[in-house]
Amino acid sequence: MIQLKNLERSYKTPAGQTWVLRRINLEIREGEFITIMGPSGAGKSSLLNVLALLDDSWQGEYWFREQAVHEMKRKQRSEVAKRNIGMVFQSYHLLDDLTVGENIDLPLSYKDVPRSERQAMVADTLDRFQIVAKKALFPSQLSGGQQQLVGVARAVIHKPALLLADEPTGNLHSSQAKEIMELFHELNQQGTTIVQVTHSEANAAYGSRTIQLRDGWMLSDTSNPELRPYEAVRQ
Amino acid sequence: METLIHDVRYGLRMLRKSPAFTAVAIAALALGIASTTAIFSVVDVVLLHPLPYPDSGRIVLISQTVRSTGQDMGDSSPANYLDWAEQNHVFSHIAASRGMQGNLTGGERPERIRYTVASGDFFSLFGVGPQLGRSLLPDDEKPGNDHVTVLSYALWKRLGADPSLVGRNIALNGEPYTAIGVMPASFAPDDYGELWVPSPWDVPAHPLNPQADPRALRDSSYIDVWGRLKPGVTLDQARAEMAAIARRLEKQYPNANDDVGISLVSMQDSLVSDIRPVLWVLLGAVGCVLLIGCANVANLLLARATTRTREISIRTALGASWLRLARQMLTESILLALCGGLLGILLAWWAVPALLTMSPPEISNFKHIGLNPEVLGFSLAISLLSGILFGLAPAFHASQSNLDESLKEGERGSTGGRGRTRSALVVTEVGLSLVLLIGAGLMLKSFVRLMNVDPGFDPNHLLVFSVGLPPSASSAQQDAFYREVVERLQALPGVQSVGAVSRLPLVGGNSSRSFNLPGSTKSYTADLRVSTPGYFRTMGIPLRAGRNLTEQDAQASAQVAVVNEALARNVFPGEDAVGKYIVNFGPLNNKIQIVGIVGNVRHIGLETTPRPEVYLPFGQAHWPSVFVAVRCNTSHPLALTSAVQNVVWSVDKDVPLANLRTMQGVIASSVMRRRFTTLLLAIFSALALLLAAVGLYGVMSYTVSQRTREVGIRMALGARRSDVMKLVVGQGMALVGVGLGLGLLASIALRRVMSGLLFGVSATDPLVFSAFAVLMAIVALLANCLPARRAARVDPMVALRYE
Ligand SMILES: Nc1ncnc2c1ncn2[C@@H]1O[C@H](COP(=O)(O)OP(=O)(O)OP(=O)(O)O)[C@@H](O)[C@H]1O
Ligand SMILES: [Mg+2]
């Protein structure tokens, strides 16, 4: 589904250039459930932002289903992202002034989906996530777990092929986290490719493949035991 | 006290900390306060201050009216005046005066001046003593004593400001008058006289017949009558008694006094009744500008208060009472207001003289307009008041903020915002600006309409001036003098044609007379002009039918007249007026044959519809002074000034020229009040528009900065930059839409206020309403687009960063 070749990302800081992603070579196949782990500052969020096509300032190659994303303009990238990618955030990022229903509807409103169809899809999704009763509530009236449920619902309503989640359970109790993970598992069973960032081994266990990041380098990949990044780090 | 000093110091530190904020707030306030101060300085002197005479509220102007219509005639007749003086019990003083033009000679060159013939009680009525010498006394009215004069301060200054002038003779109309006193500069009761002379008969003589005893004249009205109410007598009581006297005199003299009533108007009212609505409208306009300025500052402060919610929560958590917090914030806003106020006063100090140079005489005649202590006090007071006004909003906000919530919110970074106050302020700003814009637009359209009015003559290439012989000259001498002046001017190189007329359009002054048709008692009124044959050609007044006046008419015994179309249509509807006769017209007892019809001329003002006019030829009729119109070949008629002067002096070296101007200049000064109002409203509405745009921009910028995270989320969920633009602009324009709607409604509600000031435009003119609503919307859209573009450039990664 996705191929990253020699992808690099750096920031210009007063102290000079700081590298946050280094020579990332990564292939994500359809239907995988990948977990990215690593200490704070390792570049996990940075990698996810690149995958989500929110970030444009990287070098290297990014292939999305045989399309050369690295040759695309911002507009085309947005199109690709809008069509194929859903995003779940650690702090939910629901809009406080919109109801649950309206929050879920948001991604559809940016894809030219007819209103009647949108209503049907919102209704379906609410039903599927069993939050129909919460439809007219505002995010502040929900618990953290419920809010994240809405966050996930919003991320998948347009049936993205790829679901990205940056510490989706970071602010949740373990029981609530479990619920979300089970949801991810189910989505993955139904064919959604998932990339999640997490600190929790328990969460990682839901995935089919784990990638360790450190200082921007890919340290290990369970599906690629040959990966030898240590030499590079030491250099 | 210590806390106050502390608050002030902290406030100053906060203001210094955000110089851009402080500068914008102070500028907005300064503009509002400067406008308000400037207009108030005029209102203060013109409308709020009593006139500079003791107990001036008791001085009234008395004049005859047409009782059935209530129309004020402006003047009164001498015989009626003498009866009023004798029969009334309500006035402690009553006096008559008449403005005249005369020639002052003996100086380097003759000077045409305006003087006032006054009855004996005139000066004691106003209660102002002379600065030098004495003023007129009743004894001066005895024949033989009457060649004395009191000078105005301005004339005395012009004559050298020599105190020993008192007691010396000056030559007025070729006769010696002893100067007996000089009045102070503030004494100008009729805005006319530059010097005052007594009348030998207790009442001024008829200007067309100055040698005759006027006391029995009842059917010619030409004097101004002044009265001072006795202590304890109200204006209404005086009106009632004068009405009774009028009825008695009507019974006694049914011919002359048929339907004659008496009106009493307080002197202040009569001076300011025309300008008062203008000033109130302007004061309302600057009030709006100030309010918009305050709304801007309130918005800025509110925005800041919100960003300071955390600071406030922490302070509260540390034990500060909300009263203490509110005081702190009020101190800050009052500091801001005082800075704005001081800058505003400085601006006004510079603006008021500029304002006065373009003011119409109704304002500039008041000599003491300026930033007096009262005006300064007012400005400081409104500064303080506005400081409290816009300081209250954030102080209230601070008192309302829930400690718990704001601490939490500050942490989490809310995506929403309860900007209801802010929205209301924006709506108000937009609404008020639109009201001002529409007001200015209506005035502007009126002005354009007015300038497109055909005055009935061609004002280009015309030089005009007034000239006259002393009243001692006989009618024949006068007529000969005018003919000579016209002939010699005609011969001047660069001059196309020359005409003279008793009353020139648009310079002020009018004379009307009644007449009958032969064999009928029905009476008509027409304005009387006496003119030379060349007048119509010179002015470019077209001949519609019949013939022009000719030189032969002057000598011929058959009396002839040219009338205007209005008269022909009113008096001879459906008939040919040429060849018809009118009788009993003014001074002429014989029947007058109408020989020609000329086009209508706008005489009183460009906005007044032409009235019936009769032109008589010099020779058959006479007038003590004339306006001479000179049509030049050059487009700069003033270049001929000295040549024209020399021509007149070559005819008589003691005759001065007065009011030498171009006809375009005459038109310009005739529309001065309207231009003044239009210009000021345009300036104030532009200010309002600017301030509203700045306010809108500020609020939207703030909103955008508050919504960064939301925008980031939306973009992460697939919003395009254009979606974000639409979102922000849509929010702003929704507010603007409400403001526009309210502004339109308010403008409709205010149509009464405006309609009196308009000409040829309805106070709800749809074109003006929609054009300015669109203008306001476009400016608002621009003010919205800048913050919206900033929102669209938000980097979702940065926006979502703080987790
Ligand atoms: N805007 C920026 N400017 C400079 N450096 C940045 C910027 N954003 C991120 N970084 C740096 O990039 C590195 C990787 O950050 P990233 O957010 O990807 O880490 P992370 O692995 O997600 O850590 P955490 O587990 O704490 O979320 C960090 O060292 C961070 O300081
Ligand atoms: Mg991270």
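**Exercise 1. The hairpin in chain B.** Identify the residues that separate strand 7 of chain B from strand 8 of chain B, and state which residue in the turn has a positive phi.

*Solution.* Strands 7 and 8 of chain B form a hairpin with 2 residues between them. In the turn, N173(B) has a positive phi of about 55°. Strands here are DSSP runs of E with at least two residues, and helices are runs of H or I with at least four, both numbered from the N terminus.

The model is predicted: local features need pLDDT of at least 70 and side-chain atom pairs count only at pLDDT 80 or more, whereas totals for chains, interfaces and linings use all residues. Residues are numbered from 1 along each chain as its sequence is written, chains are lettered from A and ligands numbered from 1 in the order in which they are written, and side-chain values use heavy atoms, without hydrogens and water.

**Exercise 2. The partners of strand 8.** Which strands pair with strand 8 of chain B, and in what sense?

*Solution.* Pairing requires at least two DSSP bridges between two strands.

1. Strand 7 (residues 169-172) of chain B runs antiparallel to strand 8 of chain B, with 4 bridges; N169(B) has T178(B) as its bridge partner.
2. Strand 6 (residues 148-151) of chain B runs parallel to strand 8 of chain B, also through 4 bridges; L151(B) is partnered by V182(B).
3. Strand 5 (residues 132-133) of chain B pairs with strand 8 (residues 175-182) of chain B in the antiparallel sense over 2 bridges; G133(B) has G181(B) as its partner.

**Exercise 3. The sheet of chain A.** Give the strand order of the open sheet of chain A and name its edge strands.

*Solution.* The sheet has 4 strands in the order 2-1-4-5, with antiparallel pairing. Strand 2 (16-28) and strand 5 (67-68) of chain A are the edges, each pairing on one side only. Helix 1 (residues 44-51) of chain A packs on the sheet and touches strands 1, 2 and 4 of chain A (contact: heavy atoms within 4.5 Å). The direction of helix 1 makes about 60° with that of strand 2 of chain A; axes are lines fitted to C-alpha atoms, for helices over the stretch in contact, with angles from 0 to 180 degrees between N-to-C directions. Strand 1 (residues 2-13) and strand 4 (residues 58-64) of chain A are joined antiparallel over 6 bridges, and L4(A) stands opposite Y62(A).

**Exercise 4. Chain B as a whole.** How many helices and strands does chain B contain, and what share of its residues is buried?

*Solution.* Chain B has 26 helices and 22 strands.
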